[in-house]
Amino acid sequence: LKPNKASAFNAQKQAEKLPKRRMSVAKRGSDVLADMLKTNLSEESPQKKSKSEEKKIDVIAQQGLACRDIGEHEKALGYYVKARNAYGKLLGREHRKTLNMAVFVANSNAHLGKLDDAIAQLKVVLSKQEKAFGRDDENTLSTLLSLANAYDDKQDHLEARKRYETCLVRQSRKYGDAHPDTLMTLDNLGSLYQADFREFDKALDMYERSLAGHEASLGANHVETLKTAMNMAIVYDEGLRDYKKAEALYKRALDGFAETLGKENALTLDCAENYKCCLEDSGSQGSLENLMREYFPAA
């Protein structure tokens, strides 16, 4: 769960505890950006310059991605800076590859906790991308999502909210709600509304859209679909106190996690614990006894 640091709360709300239920952590934008830019790196540049030199730089960039994938962000940053500078010299500072690599530099800084640097860098790149490629370009949208994430990680939730909301409007218009990038923003914004602003109706709207999109694109029993169902259950449970709807969603998520991941998986056990707390609060003794026999036999 996120710590209670949202500046938008009034004094009374600041004193309230955040949900005791364990949420599924919202997904971030940088991995999607990295996966997308792997394709961009392999594309032939429209500028007729030294292709062999460009391919050498592509290899450096791919080395950075390989380091990122194993969590070596300091090493990745070194490769990204080298590739960004080389692309800028060969192709120009405003070229798509140069700007893409500048986003990687910023995201690495965010991973390393250098959030002020990351935010400043992402703002510069975003401005250049909007001017060169348009606000609805896929790279522009991914940079906007990364900027929202960086503000969120910095605990500047008001600025994060502005970026997430803007990003969602543009992604929905460009991709629709079933696209992976839109789903990521829906989940991130739902988490922000839920945990940091306590705006449960808005959180529920985000999760409902996300659930429908996940079901359409991945299926009803996919892990990502089930995560969203569990987060919706928490909103109904602790936010809206609608235990009947919460119980149905917890049970759906729990049965799906158990079937897909197994009963000993961490997500399954988190969901079981959430469901147990909900049943205790609602007084559903029969369902609670069944759950305890299946998941908490030693209790």
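The legends below describe close-up views of a predicted model.

**Figure 1. The protein as a whole is built from helices, with 14 helices and zero strands.**
Read along the sequence, the pattern is α-α-α-α-α-α-α-α-α-α-α-α-α-α. The protein has 299 residues, and buried residues make up 49% of them. Among contacts between residues at least 6 apart in sequence, 62% join residues at least 24 apart.

**Figure 2. Helix α10 packs against helix α11.**
Two packed helices are described by the angle between their axes and the distance between the axes. Helix α10 covers residues 200–217 and helix α11 covers residues 223–239. Their axes come within 9 Å and cross at roughly 160°. Angles over 145 degrees count as roughly antiparallel, and α10 and α11 are therefore roughly antiparallel to each other. The crossing of α10 past α11 is left-handed. On the α10 side, the contact residues are Phe200, Ala203, Leu204, Tyr207, Glu208, Ser210, Leu211, His214 and Glu215. They meet Glu224, Thr225, Thr228, Ala229, Asn231, Met232, Val235, Tyr236 and Gly239 in α11. By class, this contact of α10 with α11 has nine nonpolar, six polar and three charged residues.

**Figure 3. Helix α11 also packs against helix α12.**
The axes of α11 and α12 are 8 Å apart, and the packing angle is about 155°. That makes α11 roughly antiparallel to α12. Here too the crossing is left-handed, with α11 passing α12. Residues of α11 in the contact include Val223, Leu226, Met230, Ala233 and Ile234. Among those from α12 are Tyr243, Leu249, Tyr250, Ala253 and Phe257. The residues of the contact of α11 with α12 divide into 15 nonpolar, three polar and four charged.

**Figure 4. Tyr250 and Tyr275 form an aromatic pair.**
A pair of aromatic rings is described by the distance of the centres and the angle of the planes. The structure holds two aromatic pairs. In the pair of Tyr250 and Tyr275, the ring centres are 6.1 Å apart and the planes are at 35° to each other, a tilted arrangement. Tyr250 lies in helix α12 (residues 243–261) and Tyr275 in helix α13 (residues 266–282), so the pair ties together parts that are 25 residues apart in sequence. Tyr250 has a relative accessible area of 0% and is buried. Tyr275, at 8% relative accessibility, also counts as buried.

**Figure 5. Arg198 and Arg241 are loop residues with positive phi.**
Arg198 is found in the loop between α9 (180–197) and α10. Although Arg198 is not a glycine, its phi is positive, at about 60°. Is Arg198 buried or exposed? Its relative accessible area is 16%; buried means under 20%, so Arg198 is buried. Arg241 is found in the loop between α11 and α12. Arg241 is not a glycine either, and has a positive phi of about 55°.

**Figure 6. Lys51 belongs to helix α3.**
Helix α3 covers residues 51–69. Lys51 has a relative accessibility of 45% and counts as partly exposed. Lys51 and Leu90 are 39 residues apart along the chain. Their C-alpha atoms are separated by 10.0 Å.

How values were computed
Residues are numbered from 1 along each chain as its sequence is written. This is a predicted model: local features need pLDDT of at least 70, side-chain atom pairs count only at pLDDT 80 or more; totals for chains, interfaces and linings use all residues. Side-chain values use heavy atoms; hydrogens and water are left out. Axes are lines fitted to C-alpha atoms, for helices over the stretch in contact, and angles run from 0 to 180 degrees between N-to-C directions. Helices (H or I, at least four residues) and strands (E, at least two) are DSSP runs, numbered from the N terminus. Angles under 35 degrees count as roughly parallel, over 145 as roughly antiparallel, 65 to 115 as roughly perpendicular and the rest as oblique. A crossing is left-handed if the near helix is turned anticlockwise from the far one by less than a right angle, and right-handed if clockwise. Contact means heavy atoms within 4.5 Å. Ala, Val, Leu, Ile, Met, Phe, Trp, Tyr, Cys and Pro count as nonpolar, Asp, Glu, Lys and Arg as charged, and the others, Gly among them, as polar. Rings of Phe, Tyr and Trp (its six-membered ring) pair if their centres lie within 6.5 Å; planes under 30 degrees apart count as stacked, over 60 as edge-to-face and the rest as tilted. Buried means under 20% relative accessible area, exposed over 50%, partly exposed in between (1.4 Å probe, protein chains only).
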